[in-house]
Each structure stands twice: as structure tokens, then as C-alpha cells.
Amino acid sequence: MTTGTDPLAPLAQLDGVPEAVAEVRKNVDRLYGHRVMRRRAGEVTSESALRGARASAALEGADWPLEEVRRRTDFGADPEARTVGAALRLSAEAGQLLSVWRTSPLQVLARLHLLAAGDGDPAAGRPRRDDERAAPLFPLEVAATETAAAGATDGPVGELPPPPPPAEAAARLDQLAGLLAARAERPTGGAPALVVAAVVHGELLALRPFGSYNGLVARAAQRIVLTAEGLDPKAICPAEVGLAELGTAAYRRALLGYLEGTPEGVSRWVVHCAAGLGLGVRESTAVCEAMQRGMV
């Protein structure tokens, strides 16, 4: 059994991260204590998955109203429809991949991309090759409707650097998978779930290991980590909703901080992910309140 120190643990002590972790934990616990969760938790999970998928698709370039996503049954007519369909498939499948994630995260990532891209795409489920370029992470600017964390709106939004070559991306994914597997063998302790989820999310956006749908896959993987690590075991906190509400400009700025690799930059990224999750908690709290009033 692995007994070494979790290499992600120091990230939990970066400036602003302990406070973000504590605040998220408090808000998640409050949501789980809501009266509606005692009898309608499954419905809250389903609604969270739908709202999270809609938001993730918006960040991927298909910003549809929630009711349109709820109403539609055909998601193959055009690129936007295919993106929305991809996000819905990932949300529906994520909960079924938890046991595999704990032992083989790379297998789960391949499965997520296969689900997103579809069987008709010859590149579905496999990493991009040397002659293949990764699709842009933010093809559509989503305007912020909520204020980002302090520092996330400072300065202009820079261009994201290109992802590393496929061989380097594969090597870094192997390192990430090894780190996650070691965590699964460690009985207790280590970095909190929020930090682990933020690192997985950030690494996948940095590496862009697939030719398409890297943002959808990264956000789905974050959701899986939050569930598998026990912070959100019923998957009722759609962090994707919060990320969309904070807007793509703040998302990109925070990601640039992570890519810098400095303590300040990584802290800014983790705090941004925490803010997104906190807004997701607020979204599901509103759903619970509506259910309690008989409106849903």
C-alpha cells in the first residue's frame, strides 16, 4: 500500500485555498441537509446533470436556453446540437464511471471522449496524433453574469499557449494517472477533493489530449473527481453552471494562472474552480427550494 505524502497536499495551503475549501465544504453540507434531499435526491441529481450539461455545452460553444435543451430530442442536426448532445451524454454517463476512475482514470478519459465525439468520429476515444490539432477551448465568449474572485478580472485576457505535443501530453497524463492511483491506495489524508478536482480539470485543459471536446471532457472529469472523492457524492453540485456564470474571460484568466505554474497562479485557478462550484451549489439550492414550493 502506498503510504507516501500526497504531492498535491501543498497546494491546499496556497494563499486563499484553505478558505475556499472550507467555504465550499460548508455550502455543500448545507445543500445536502436540505429537506428536499431526504426524499427527492434523485430528482435533484438529474436536474443538476441537465443544468451542468447545458452550461458545459455553452462553454464549448453551444449556448442554448435550458428549456431548449430539455425539450430537444435530436442532437445530430448541426455542430451546436452535436455539442449539446455530447455534453448530455457525458453527464448521463459520469456517475457510472466512478469505480473505473479510481483504478484506471485514463480509461475513463478515453470513454468520455468516445461518448462526446460519437462512434462516427474515427478519432473518438483516442489521443490526438502529431498531425492533428486540438480544437479551441473557448470557441464562444460567454459573458459573465456573476463577479469572479478577486484577481480573476485583473488585466487583459491573454492568449492560451498551444497544448504540448502528443507524446508530452501522453507522458503528463500518465503521471497524473499514477498520482490519482496512488491517492486511491492511500487510506486517509492528502489534498482535499476540491484541489484534486481543480488539478485534474486544469491539466486536461492544459494538455488538450484529444482533437475535440477537451473542455467537455475536462469538466466531466472534474465532476467525477468531486463525486469519487466524496465532496459531492450524489453529484448535485453543477460546477459547470458556475463556470459559465463567471464567464469565459475569467475562466481563461484563471487557466492562464494555472499554466504559469506559480503559487499565485495555481491558487487563482483553484479559487476560481471553488467559485464555480459554489455557484453550482446555489443553483441546486434554488432547485430544492422550487421543489419544496411545488414548482417543480
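**View 1. Tyr251 is buried at 0% relative accessibility.** Buried means under 20% relative accessible area, with a 1.4 Å probe and protein chains only. Tyr258 and Trp269 form a tilted aromatic pair, 6.0 Å centre to centre with 50° between the planes. Rings of Phe, Tyr and Trp (its six-membered ring) pair if their centres lie within 6.5 Å; planes under 30 degrees apart are stacked, over 60 edge-to-face, and the rest tilted. Tyr258 belongs to helix H10 and Trp269 to helix H11, so this pair ties together parts 11 residues apart in sequence. Helices are DSSP runs (H or I, at least four residues), numbered from the N terminus. The model is predicted: local features need pLDDT of at least 70, side-chain atom pairs count only at pLDDT 80 or more, and totals for chains, interfaces and linings use all residues. Residues are numbered from 1 along each chain as its sequence is written, and side-chain values use heavy atoms, leaving out hydrogens and water.

**View 2. Ring pairs join Phe138, Tyr251, Tyr258 and Trp269 into a cluster.** The count of aromatic pairs comes to four. One of them, Tyr251 with Trp269, is stacked, at 6.2 Å centre to centre and 15° between the planes.

**View 3. Helix H10 (residues 239-260) bends by about 105° at Gly247.** The bend is the angle between axes fitted to the seven residues ending at a residue and the seven starting there. Of the 22 residues of H10, 19 are buried, so the helix is largely enclosed by the rest of the structure. Just after H10, Gly261 has a positive phi of about 80°.

Terms used
Helix = DSSP H or I, 4+ residues; strand = E, 2+ residues; numbered from the N terminus. Expected span 1.5 Å × (residues − 1). Buried < 20%, exposed > 50% of the residue type's maximum accessible area, 1.4 Å probe, protein only.
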